[in-house]
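Me: I would like to learn how to read a structure, one feature at a time. Could we go through it together?

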Amino acid sequence: MNTTARKAFISTLPVMTGYLVLGFGFGILVKANGFATFVAPLMSLVIYAGSMQYVAVGLLTGGASMITLALTTLMVNARHLFYGVSMLDKYKRIGKSKPYLIFALTDETYSLLCTENPDIAPKERKKYYILVTLFDHIYWVLGTVLGSVFGALVTFNSQGIDFVLTALFITIFVEQWLTAKKHASAILGVAISVICLVIFGSQSFLIPSMFLILISLCLYKEVGENE
């Protein structure tokens, strides 16, 4: 393994631990819901949307329409629009690999690439970006493969596995709450979600709540800038 590849691998080790576990859970979840063994790895290979893949399983098994699935995907992954804008300069001269880097830009990959690694020389950065992105993608696919195979070979009660992503988000929320000085945006998001849950019900609250949260945060940001 050359120097750049080794640095990229070391940088992605924390992501590997998380992706293998979450991917494993996703593979089991897909298999437990009656899908073929290859479905989870295929989704991870060509969709590669992490949290949205978990959401998609619930929507598909619940009989959601394609319009609902498309709108939910758009709202859940809308944050990547902002990620992409901040990566324009880094990917400007990346060459033929740019489409793949855009496709495979996840939250964790973004967190590794948005800040320059001081150990990476300027001439190594293009290769480093590609390898970090590729390694993270491999971890996620490998996790789902292992989970799918395990789910096919071992029969057990899989109830509650889909809560793994909820648990992850709760952990992230608590961590950000403890480290952030201002909590207005978090309170706003929780309040809107609860209100939409009461009004629209558990099967239909996701899209309106995310839409209202997006509008509210934009207005909140504008008010804060004008103060």
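Me: Is cysteine 114 buried, partly exposed or exposed?

Reply: Start with the scale. Buried means under 20% relative accessible area, exposed means over 50%, and partly exposed lies in between (1.4 Å probe, protein chains only). Cysteine 114 has 33% relative accessibility, so this residue counts as partly exposed. Cysteine 196 has 2%, so that one counts as buried.

Me: What should I know about the model before going on?

Reply: This is a predicted model: local features need pLDDT of at least 70, side-chain atom pairs count only at pLDDT 80 or more, and totals for chains, interfaces and linings use all residues. Residues are numbered from 1 along each chain as its sequence is written, and side-chain values use heavy atoms, with hydrogens and water left out.

Me: How many disulfides does the structure hold?

Reply: A disulfide is a covalent bond between the sulfur atoms of two cysteines. The test here is a pair of cysteine sulfur atoms within 2.5 Å. The structure holds zero disulfides.

Me: How many helices and strands does the protein chain have?

Reply: Helices (H or I, at least four residues) and strands (E, at least two) are DSSP runs, numbered from the N terminus. The protein chain has 12 helices and zero strands. Its pattern along the sequence reads α-α-α-α-α-α-α-α-α-α-α-α.

Me: What percentage of the residues in the protein chain is buried?

Reply: Of the 227 residues in the chain, 35% are buried. Accessible areas come from the Shrake-Rupley method with a 1.4 Å probe; for residues, only the protein chains shown count as cover. The chain's accessible surface comes to about 13,600 Å², and 70% of that belongs to carbon and sulfur atoms.

Me: How do contacts link parts of the sequence?

Reply: Contact means heavy atoms within 4.5 Å. Take the contacts between residues at least 6 apart in sequence: 73% of them join residues at least 24 apart.

Me: What span does helix 1 reach from its first C-alpha to its last?

Reply: Compare a helix with its expected span, which is 1.5 Å times one less than its number of residues. Helix 1 (residues 3-32) has 30 residues and reaches 41 Å, close to the 44 Å expected.

Me: Where in helix 1 does a kink lie?

Reply: The bend at a residue is the angle between axes fitted to the seven residues ending there and the seven starting there. In helix 1, a kink of about 50 degrees lies at leucine 13, shortly before proline 14. After the helix comes glycine 34, with a positive phi near 95 degrees.

Me: Which residue other than glycine has a positive phi near 50 degrees?

Reply: Most residues other than glycine have a negative phi. Tyrosine 48 has a positive one, near 50 degrees. This residue is found in the loop between helix 2 (39-46) and helix 3 (51-61). At 4% relative accessibility, tyrosine 48 counts as buried.

Me: Which residues does phenylalanine 26 contact beyond its neighbours within four places in sequence?

Reply: Phenylalanine 26 sits in helix 1. Its relative accessible area is 0%, so the residue is buried. Beyond those neighbours, it is in contact with Ala40, Met43, Ser44, Gln53, Tyr54, Val57 and Thr144. Take valine 57: it is 31 residues from phenylalanine 26 along the chain, yet their C-alpha atoms are separated by 9.1 Å.

Me: Which residues of helix 4 are buried?

Reply: In helix 4 (residues 66-76) they are Leu69, Thr72, Met75 and Val76. Seen down the axis, they fall within an arc of 135 degrees, so they line one face of helix 4. The arc is that of the directions from the helix axis to the C-beta atoms. On the other side, Met66, Ile67 and Leu74 are exposed.

Me: Which residues of helix 11 are buried?

Reply: They are Ala186, Gly189, Ile192 and Cys196. They cover an arc of only 135 degrees around the axis, which puts them on the same side of helix 11. Just after this helix, glycine 201 takes a positive phi of about 90 degrees.

Me: Which residues does isoleucine 192 touch, not counting residues up to four places away in sequence?

Reply: Isoleucine 192 touches Ser209, Leu212, Ile213 and Ser216. Isoleucine 192 and serine 216 are 24 residues apart in sequence and 9.1 Å apart in space, C-alpha to C-alpha. At 11% relative accessibility, isoleucine 192 counts as buried.
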